[in-house]
Amino acid sequence: MKPIFFVLVSVWMGTLLWILPVTHAQQAPRNTRVQIGMSGQGLPIEAFRFGTGLRKFVIVGETHGAPERNTGVLSRQLIDWFGNHPEAVPADVRLYIIPVLNPDGDKLESRQNANGVDLNRNMNTNLDKCSENDWAQRVYGASAVISDTGGPYADSEPESRVIRAFLLDASAVVFLHSAAGLVFPAFCEDPIAIALAQTYAKAGNYQYARYWDKYPITGGMHDWARGIDLPAIIPELESGDDPEFDRNLAGVKAVLANAPALLPALADRQVNGVTMPFPIWRFWQAYGAEIIGPPLADAQLRDGKYVQAFTTITLAYDPHDDVQPVRALPIDVAPVVGDVAPTSDDTTVLTFTKTTAVVHDAFARYYERIDGQQLLGVPQDNERMMAVPVGTQQSQQQFAFGVIRYDEVNNRIIRLPVVWQAVVTTNVLAPTQPFQIR
Ligand SMILES: [Zn+2]
């Protein structure tokens with residue numbers, strides 16, 4: 001009796017042990033984890049995706065680092081919960097949760113990033129129709145303390161650029177903060193953001209506020225989003241340490257339950273009779289319509305990507321790109337093979353791992369300012385003097401995605417139109433002395 005029982009139990013246990021790992025291995029992945037960029041100090045910024053629908057809904061935690069760490073805790077709890085309840089994300093939605101946008105602030109016990117910049121005061125908020133919230137270096141921070149933490153210019157920070165690139169194809173975004181205990185939408189009138197804030201507040205039992213009325217917020221992420229027609233809200237948790245999980249889960253669920261109304265599908269935009277996919281239109285706005293120039297023709301579908309040419313650049317929108325849905329494409333001009341410019345006694349020099357070419361001085365400052373990584377790519381040669389237009393000599397440099405020139409008459413740097421880019425390589429005079437101008 002006893003041996004048989006023992007054998008039966010052993011068989012039963014063995015079967016159980018054999019079944020468990022297999023069952024586990026056959027489960028679909030609970031989420032997709034992607035690194036969407038890096039902080040200034042090289043820490044990863046991650047997003048966790050649930051679902052594969054067209055409406056991209058993004059929740060962002062811990063923009064304000066250590067003092068608002070409970071928003072990071074809340075985000076991780078939401079990640080766990082949606083991992084265990086994938087059916088809670090409707091079929092037409094894909095939910096992304098970024099637990100910590102400011103990992104350096106978390107590490108350094110700071111509200112700001114490693115450069116001492118308040119990321120929720122650094123965005124280009126000059127694109128919406130309200131001037132009261134335009135970007136400024138001098139800002140109101142927590143408890144209305146005034147400081148110069150808006151950054152040297154709008155969108156200057158690596159973390160600001162990561163979120164700017166990531167949200168271009170989003171349907172709506174929630175930026176979690178603490179601890180004022182209310183939910184408010186973008187400052188400039190946006191019916192969808194208002195409905196989003198009201199829905200979230202009601203479900204989470206938070207107070208809804210049309211405005212943050214304690215002091216002006218300049219350069220805020222929600223107001224940047226308004227400028228590219230991206231519905232955005234800020235839930236402020238009530239406590240500075242409690243993640244208030246149940247209330248916020250209720251808020252998120254209420255938004256998901258109203259996805260068709262609160263997470264609008266992306267519709268094409270018309271500009272001067274040209275059709276632009278919404279994410280490309282947003283890129284064009286966010287990175288500077290003046291720098292990029294007008295679109296030349298409707299976007300074309302090519303290998304699953306929407307490709308559109310502008311006067312100075314070609315952009316591609318890839319609906320399956322989890323990290324940067326819109327990117328620049330290389331220009332169709334052969335690289336100029338030139339000498340490596342000297343790198344001593346410069347004020348600013350940018351070096352790149354994949355090319356021996358460098359970017360100097362004013363070109364380097366321009367490159368950093370416009371987010372050259374996105375708009376220009378790596379340099380294809382060093383700065384050179386060119387005989388274009390004929391009879392003049394101007395300093396130019398060729399990059400993967402475009403060509404820039406120092407316009408001596410107006411003392412500014414401009415991007416060359418595509419029609420000029422092809423001419424550039426045939427008009428090389430001589431390698432420039434990189435320090436002779438400006
Ligand atoms: Zn905050």
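Pro279 sits in helix α9, helices here being DSSP runs of H or I at least four residues long, and strands runs of E of at least two, both numbered from the N terminus. The model is a predicted one: local features need pLDDT of at least 70 and side-chain atom pairs count only at pLDDT 80 or more, while totals for chains, interfaces and linings use all residues. Residue numbers start from 1 along each chain as its sequence is written.

Pro279 counts as buried because it has 24 C-beta neighbours inside 10 Å. The cut-off for buried is 20 or more other C-beta atoms within 10 Å of the residue's own, against 12 or fewer for exposed and anything in between for partly exposed, with C-beta atoms placed from the backbone. Leaving aside residues up to four places away in sequence, Pro279 touches Leu168, Asp169, Leu266, Tyr317, Pro325 and Val326; a contact means C-beta atoms, placed from the backbone, within 7 Å of each other. Arg269, ten residues from Pro279 in sequence, lies 9.4 Å away, C-alpha to C-alpha.

Helix α9 (278–287) also turns up around helix α4, as part of what covers the buried residues there. Others in that cover include β1 (32–38), β2 (44–50), β3 (55–60), α6 (221–227) and α12 (372–375). Helix α4 itself spans residues 158–166 and is mostly covered, with eight of its nine residues buried. Among them are Pro158, Glu159, Arg164 and Phe166.

As for the whole chain, there are 13 helices and 24 strands, and 47% of the 438 residues count as buried. Of the contacts between residues at least 6 apart in sequence, 67% join residues at least 24 apart.

Technical notes. Two residues are in contact if their C-beta atoms, placed from the backbone, lie within 7 Å.
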